Amino acid sequence: MTKVNLEDLVSLCKRRGFIYQGSELYGGLSGTWDWGPLGLSLKRNLTNLWWQKFVEEPDNMYGIESSILMNAKIWQASGHESTFHDPVIEDVKTKQHYRLDHLLADNKVDPKGMSLEDMANKIKELKIKSPDGNELGNPSRAGQMFKTNVGSVEDESSLTYLRPETAQGMFVNFRNIVDSYYPDIPFGIAQVGRNFRNEISPRDFIFRSREFEIMELEYFIDPSNWEADFDNLRLKMREWFEKTLGLSKENIKEVEIDKSDRAHYSDRTIDFNYKFPGREDELAGLAYRSDFDLSNHQKHSGKNLEYAEKGSNRKFLPHVIEPTFGLERHVLAVLTEYYKEDEINGEKRTYLALPANLAPVKVAVFPLLKNKPELVKYAHDVYGTLKQKVGLAMWDDNGNIGKRYRRQDEIGTPYCVTVDFQSLEDKTVTLRNRDTTEQKRMTVNEVLAELGKS
């Protein structure tokens, strides 16, 4: 794999229309990002593949889309209102706040398992200053949830939050799914959705931002069999990374999370880390949440959430195993994995060797010359046919052929089709392979057959 740094990826994404800084016209808004046409296409390809594998292929999965705004009592019952905080410290001169754990990590200190006081003491011991070189003040905790009000009156009764996770939307719909479908245990509820966290120090491009998407499922099980169900989902996640996405096995590492570092709801957690540019960090997670969520919602709502087992008088609160996948982090991992550099005719080439099922554009079509009406007309006919059959096709007549090839290589287009004067005579076109740069003459039907193999 070609070694790539984060600056290379940020530059490519901006230059080629994958990802832009949020609110860039007005100087930007920290921790927010806008998705351009190619980035959105890549993100949707990832989402569709995930939905197919984890929701459509199994027989016991139910997809939902819950509301971003939810009753504030949900976040009280889940524990988020009382526990969802970040450790922060203030630059005494600029009054800017920074994550304590990030400052320690940046100074080669692992903050895992450390209390707020331990982190603050370590900052003093090492005489760590703010990124601006100023003294740091006293530590505190900052809430991660964005507050808002529902209705015309802003008071405590109208207070709610933008959801910090998709999970609770699935837990509060557990009874609805059971009443509507009465599924056998085990079964899962899945959704893909936006989440919002008031990150104090968003950084590393799209890796840590204030608005992001999660692909997630809650798998409801009989607690007597949780270890086997947990391991089955662990293996399915590995299969997703290595076979579906084609991420290198050596770039994926499973990390068993110690009890002191697990979320308040988890009895066991495995993180799947990926070797991102410059560091290894979390790509996805697998957590055994026991009956923490259903029991708390049953208690706070006063509604019975027990599952009545079919064919017996047994009733129980199912336990839950939760696979969670960060969508933006998946995009970053895919860009990292497939970023390549080589030389063609003595010139450096940068390209994304994306598999066809991920590529934002499957095939690009060029007329050799754009000032020849007969070439342009036939090329448009070929483009229309390929777009109808393949879907994600692109028309490109800007610049010479060499520049078009380089542009398409850089955005990860697997094949380019060029229409030239011979095409007008024998109805053949030139098909170029991105990875090998090999070119072949063939008919449009043969092109479709070749594209169908990828």
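So, Gln-408 is buried, with a relative accessible area of 0%. By buried I mean under 20% relative accessible area, while exposed is over 50% and partly exposed is in between, with a 1.4 Å probe and protein chains only. Gln-408 sits in helix 13, residues 401–411. Helices here are DSSP runs of H or I with at least four residues, strands are E runs of at least two, and both are numbered from the N terminus. What does Gln-408 touch, not counting residues up to four places away in sequence? Its list is Val-361, Ala-364, Phe-366, Met-394, Asp-396, Thr-413 and Cys-416. Contact, by the way, means heavy atoms within 4.5 Å.

Quick word on what we're looking at. This is a predicted model, where local features need pLDDT of at least 70 and side-chain atom pairs count only at pLDDT 80 or more, though totals for chains, interfaces and linings use all residues. Residues are numbered from 1 along each chain as its sequence is written, and side-chain values use heavy atoms, with hydrogens and water left out.

Okay, the whole protein. It has 15 helices and 24 strands, and its C-alpha atoms fill a box of roughly 75 × 65 × 50 Å along the principal axes. Of its 454 residues, 51% count as buried. If you take contacts between residues at least 6 apart in sequence, 65% of them join residues at least 24 apart.

Now the cores. A nonpolar core is a set of buried Ala, Val, Leu, Ile, Met, Phe, Trp, Tyr and Cys residues joined through side-chain atoms within 4.5 Å. The largest one has 60 residues, and the members touching the most other members are Phe-18, Trp-50, Phe-241 and Phe-325. Take Phe-241: leaving aside neighbours within four places in sequence, its contacts include Gly-246, Leu-247, Phe-272, Phe-325 and His-330. There's also a second, separate core of 18 residues, and Tyr-378, Val-419, Leu-431 and Met-442 are among them. As a general point, nonpolar side chains in soluble globular proteins tend to be buried together.

Next stop, helix 8, which runs over residues 174–181 and has Phe-174, Ile-177 and Val-178 buried. Why are those three on the same side of helix 8? Because they cover an arc of only 100° around the axis, where the arc is that of the directions from the helix axis to the C-beta atoms. In general, an α-helix has 3.6 residues a turn, so residues three or four places apart point the same way. The face turned away from the buried side carries exposed Asp-179 and Ser-180. And what covers the buried residues? Among the elements doing that are strand 3 (61–63), helix 7 (167–171) and helix 10 (292–301).

Most residues other than glycine have a negative phi, and most peptide bonds are trans. Just after helix 8, though, Tyr-182 takes a positive phi of about 45°.

Lys-95 is in the loop between strand 5 (85–91) and strand 6 (97–99), and Asp-204 is in the loop between strand 10 and strand 11. Are they exposed or partly exposed? Lys-95 counts as exposed because its relative accessibility is 51%, whereas Asp-204, at 25%, counts as partly exposed.
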